[in-house]
Amino acid sequence: MTMSPAEIERDKASTRNAWALSTPALILLTFAACGPLFIMLVYSFLTKGQYGNVIGTFSLDGWRSILTSEDIFDPGVTVWADAHLSIFWRSVKLSVLTTILTLAIGFPTAWFIATRPPKSRPLWLFLITIPFWTNLLIRTVAIFEVIRNEGVINTLLIWASVISAPLQITYTDTAVFIGMVYVYLPLMVLPLFASIDRFDMRLIEAAHDLYASRMAVLRRVILPIVRPGVIAGSILVFVPSLGAVVTPRILGGGKNMMIGNFIELQFGQGRNWPLGAALSMTLLVIVTVALLFYVRVSSRENAHG
Amino acid sequence: MAERSFSASHLPGFTVVALAVFTMLYVPIFILVANSFAVTYSASLWDGLTLDWYAKAWENEAVQSATLRSLVIALSASIIATFCATMAALGTTRRRAFKGQTLIYVMINQPLMVPEIVTAVALLIFFASIKVATGYQGLGYLIAAHSAFCIPFAYLPIRARLEGMDLSLETAAADLYASPWMTFRRVTLPILAPGIIAGAMLAFVISLDDVVITEFVKSGGQDTLPTYMMGQLRRAMTPEVNAISSVLLVLTVLLLTAFFFLTRKND
């Protein structure tokens, strides 16, 4: 397509206009969101200060101490930092489990909403949206109320004489897992619903007419079409799970830390800002890889569909 | 639709799971609210009902100042974020692709992608040096940080509204010799208004909810309601936290219901 000089000029002016109108947002975001990330990258290569903060000399200690530490009894000898590794393992394990369980119970829920009559569908969707927008702290406190030693579950179980002493659920990995599933479930249901909603239910009838079993329909007809929703939901749950701070802090207590709490610790009692900065950059890279994977898969799906 | 005996879209067990999920989502919230009326924390509802915890929270000066601070920050942040988001949406929608479009989208949506703790830490590092350099310790840092992460939430509904807009109305206004500014004020803005209000409300709710970034950015004595609650949780739990939570919960539900009707009526 060729454009006349006047058209090219108009196009340029409109591009300038787009940038000009976006400028206030971009300035604010650079100042209070993206820009500081670069400063943090620099900090990860500096030496830690004795009382927090950093000293302006170059050092790789921040990055090195992600995985290794100095032997307590034998200074100068580098060993694997087992405590750090167990925190990473817990974070990945709990995030993967959370993604799997939210998918397993979120899919039927999204399906249920999408198959409601058009009149009641917005209401069911609204019921998922309320928890989605409700304060994460409040929802974490709510689940804490249910599983704590004097909470509903334990009170009911003791009352029914199933157990004699309360089950210790809070301050365990299980508690963090339950909490994350509860808190992030709407993030799975909403994108799943969006993809199922576009699905033409007549395809299922067609498959049935062609003697496909229910399982075959689910595997061969439904899943390929709703796959973008499954991927979007999984990423939307996995990413915040991996960076979770509030939920593991309240439900896991001090012992059952995840990466987010570990980063937080470096800027508090840990007083190791370079390590905290290096950990943050690592988390950022993992999240970016996950998102890029999502963009690639979803654009490929779109090209095929 | 003659035969409804066989419903293809019905999968066995799905309804049961879905209803269980809805129950599971709401029961803890109801328990949280119910416990705010409990006399003592440990025994929950068995000992009787009281409104004492609401009165206690209401009279607590720390709660009062935290509430006020939360409202000031959420109000300022939602106004600033909505203003920036409206401008950006006007600039980036309803036009052919342009150079740098992807960069602008990535920048605007960046707060949705970067884990909160990462932004929080980066802001701590950056603002700590500004605080030392300038000596300014005020609410400005919190308002700037909140405004920034609220921008994508304000941007999305405004953009959606703009994309659904009928271009011919503006063309008609221009044909009737309305100046561009006149067209914007009298045609574009009124049609866009529900999107802008929806965006502002989402930004308000998001700002009011924030814990992690606020904890890292705030100076001493700048507790917001969520960070105050977080502090209380670290000590001993009392139904006072439940009372504050219940009030916040009601506020969120009211705003969301308004949002629900605002975006639905104009579909």
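**Domains and overall shape**

Modeller: Chain B splits into domain 1 (14-50) and domain 2 (62-265), with bounds from an automatic or database domain assignment. This is a predicted model, where local features need pLDDT of at least 70 and side-chain atom pairs count only at pLDDT 80 or more, while totals for chains, interfaces and linings use all residues. Residues are numbered from 1 along each chain as its sequence is written, and chains are lettered from A and ligands numbered from 1 in the order in which they are written.

Colleague: How many residues does each domain of chain B give to the contact?
Modeller: Domain 1 of chain B supplies seven residues and domain 2 of chain B eight, a contact being C-beta atoms, placed from the backbone, within 7 Å.

Colleague: And which element gives the most on the domain 1 side of chain B?
Modeller: Helix α1 (residues 14-35) of chain B, with four residues. Helices here are DSSP runs of H or I, at least four residues, and strands are E runs of at least two, numbered from the N terminus.

Colleague: Switching over, what's the secondary structure of chain A?
Modeller: Chain A has 12 helices and four strands.

Colleague: Is chain A spread out or compact?
Modeller: Spread out: its radius of gyration is 25 Å, well over the 19 Å from the globule rule for 305 residues, so chain A is more spread out than a compact globule. The radius is taken over C-alpha atoms, and the rule is 2.2 Å times the number of residues to the power 0.38.

Colleague: What box do the C-alpha atoms of chain A fill?
Modeller: Roughly 85 × 75 × 35 Å, along the principal axes.

Technical notes
Contact = placed C-beta atoms within 7 Å.
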